[in-house]
Structure formats: C-alpha cells, structure tokens
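The sequence and structure are shown first.

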Amino acid sequence: MGRLDGKVALIAGGGADGPPNLGEKLSIGNGRATAIVAAREGAIVMAADLNLALAQQTADAITAEGGKAAAIACDVSKEDDCRRAVAETVKQFGAMHLLVNNVGIAAGGSLLNTTTDQFEKVYAVNLRSHFLMMRYAVPEIIKAGGGAIVNVSSLSALIAGAGIAYEATKAALLGLSRSVAVRHARDHVRVNTILPGLINSSMVRREIGDREARVAPRIPMGRQGTPWEIAKAIVFLLSDDAAYVTGTELIVDGGLRAGEGIRRRTEPAQ
Ligand SMILES: NC(=O)c1ccc[n+]([C@@H]2O[C@H](COP(=O)([O-])OP(=O)(O)OC[C@H]3O[C@@H](n4cnc5c(N)ncnc54)[C@H](O)[C@@H]3O)[C@@H](O)[C@H]2O)c1
C-alpha cells in the first residue's frame with residue numbers, strides 16, 4: 001500500500017531542464033523526483049512544465065514503472081495556464097487532492113544589479129504563480145474532500161546571498177503558504193513549505209555546473225543534497241503521515257543553516 005494511494009497530484013515544474021548527473025539516464029531535479037516518488041507511493045500524477053517535452057519525459061518515466069501519469073504544458077507565470085493545468089487534471093483524472101508548486105527561477109543579483117524587469121519576472125514565476133495555482137487548486141481539493149499543498153521555497157528565504165529577487169520571493173512564499181494553511185485548515189487542506197539547501201538538481205547543473213567540490217565543505221553533512229531527498233520530504237508532507245502538519249516550514253539542507261554560526265566562528269573572515 002502506498003502512502004498516496006487514490007490521490008491525484010499536480011506537480012508544477014514537473015520536468016527537469018538540464019544535463020543528467022553522472023550515471024543517470026534521465027536528468028533529475030526536485031520536480032521530476034517528486035513526481036516519480038509520489039507515483040511510487042500510489043499517486044496519479046499530472047506533470048506540468050513550461051516545456052511539454054520535459055513534462056512528458058516525467059510522465060513516461062512513471063508509466064514505464066507501472067504508474068499512472070500525464071503531462072501538460074503550463075507557464076505558471078500565466079494565469080490562464082494555471083487555471084487550465086488544474087482544470088485538465090480534474091478532467092483527466094476525475095479529482096485533484098495534491099499540489100506541489102516546484103517552479104522557481106533566479107535572475108539579477110543585488111539591489112543595484114537587478115533590473116525592474118528581472119524583479120518582476122522572478123516575482124511572477126516564484127510567487128504570483130503559487131498564488132494562482134493555489135487559487136484554482138484549493139476549490140478542487142475541497143471538492144475532493146481535502147488534501148495537501150507543498151510550496152517549494154529555499155534556504156534563501158532565511159539567509160542572503162542568492163540575489164534580491166530570489167530571496168524576497170522565496171521569503172514571501174512562507175507567508176503565502178501560512179495564509180492559505182490557516183484559512184483552509186478546516187476545509188482539510190494542509191499547506192506547507194519546504195526549504196531545500198544546496199541540491200544537485202538538473203537546473204543547478206544547467207545554470208551553475210558541477211559545484212559539489214566548491215560547496216560541499218560548507219555543508220555539515222559534507223555533500224549537496226539529492227533531488228530524491230527533497231522529493232521524499234515533500235511526499236511526507238503530502239501524505240497522511242503529516243496529517244497534523246500545516247502552516248509550517250521544513251528545512252532540508254544537510255545541516256547547512258544550523259552550521260552557519262559554527263562556520264563563522266571557526267573560519268577566518270573572507
Ligand atoms: N537546486 C537547488 O539547489 C535548490 C535549492 C533551493 C531551492 N530550490 C528550489 O527548488 C525548485 C526546483 O529547483 P530545481 O533546481 O530542482 O529545478 P527542477 O530540476 O525541478 O526544474 C524546474 C522545472 O521548472 C520548469 N519551469 C521553469 N520555469 C517555468 C514556468 N514559468 N512554468 C512552468 N515550469 C517552469 C523547468 O522547465 C524545469 O523543468 C525551485 O523552486 C528552486 O528555487 C532549488
């Protein structure tokens with residue numbers, strides 16, 4: 001018996017856009033790993049992605065393992081696409097219980113190195129989209145008798161260094177999630193946020209390359225996380241194992257945040 005048996009899950013950003021890791025046939029990021037792990041736990045999955053081919057690869061990987069999945073093109077920065085992704089999920093699978101808002105991008109840098117256009121783009125993709133997806137998904141989840149939502153934030157919600165637009169939107173996501181969680185707790189809709197640390201995902205390999213040797217020494221566990229480790233934490237929050245967990249945040253970072261203070265005390269200032 002799977003922990004998500006009988007549930008229908010929409011994973012926004014369910015593709016994986018970047019080169020595969022060494023030894024992997026299929027490139028894996030947080031979204032694709034979550035879709036696959038949710039399906040292994042019994043969920044029927046709709047993978048939604050800006051790039052339909054990437055979402056289809058995820059759906060194909062699930063069906064190849066004997067699961068049930070479909071793919072849909074969806075640019076989460078467009079309201080109509082968000083509405084359509086939810087409507088199609090319900091149309092194809094009869095209901096919707098679970099939503100994962102995994103899409104997140106970075107652009108610009110510090111305050112003086114970020115254009116208004118960059119800020120607005122990151123806002124539309126990282127925050128407004130999560131509002132829109134929840135706005136369309138929550139009534140459906142209520143109709144289905146309840147369910148759960150996980151919004152993917154970042155450790156950058158709590159610590160600086162990844163650029164003002166990314167940090168601001170990832171921090172605002174905590175408030176967005178709490179607001180929906182509290183308002184809809186009695187509708188049996190749980191909403192939580194996950195804060196990954198440094199994860200070796202397809203997107204990171206595409207945009208930054210192999211950063212393992214550079215960042216591993218900073219992390220108390222001595223390595224980057226894998227998208228599978230993020231997926232398992234997300235699936236926990238989606239499942240009834242987290243039945244009394246709502247309106248909160250889960251940091252999954254190999255001890256990175258907890259270790260920052262020790263690092264500052266023991267290492268010379270740079
Ligand atoms: N990788 C990390 O180290 C890390 C750390 C902290 C937080 N996160 C967060 O985890 C999430 C996933 O990151 P990842 O690195 O695993 O990426 P990922 O491999 O899950 O890829 C994200 C997917 O989103 C899709 N996408 C991009 N823009 C879109 C749009 N407008 N509409 C729909 N789909 C779109 C991409 O095509 C890609 O398939 C993001 O929210 C990111 O901010 C990642």
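How many nonpolar, polar and charged residues does the shell around the ligand have? The shell has 13 nonpolar, 12 polar and 5 charged residues. The model is predicted, so local features need pLDDT of at least 70 and side-chain atom pairs pLDDT 80 or more, whereas totals for chains, interfaces and linings use all residues. Residues are numbered from 1 along each chain as its sequence is written, and side-chain values use heavy atoms, without hydrogens and water.

**Ligand site**

Around the ligand are 30 residues (a heavy atom within 4 Å); among them, Asp49, Asn102, Tyr166, Ser201 and Ser202 come nearest. The table gives polar contacts, that is, pairs of N or O atoms within 3.5 Å.

| Residue | Protein atom | Ligand atom | Distance |
|---|---|---|---|
| Cysteine 74 | polar backbone atom | nitrogen | 3.3 Å |
| Lysine 170 | polar side-chain atom | oxygen | 2.9 Å |
| Arginine 211 | side-chain N or O atom | oxygen | 2.9 Å |

The protein buries 95% of the 830 Å² that the ligand exposes when taken alone (Shrake-Rupley method, 1.4 Å probe). Helix 1 (30-40), helix 5 (164-183) and helix 6 (202-207) each give two or more residues to the shell; helix 6 supplies the largest share, 3 residues. Helices are DSSP runs of H or I, at least four residues long.

Methods
Polar contact = N/O pair within 3.5 Å; in protein donor to acceptor, adjacent residues only side chain to side chain. Nonpolar A, V, L, I, M, F, W, Y, C, P; charged D, E, K, R; others polar.
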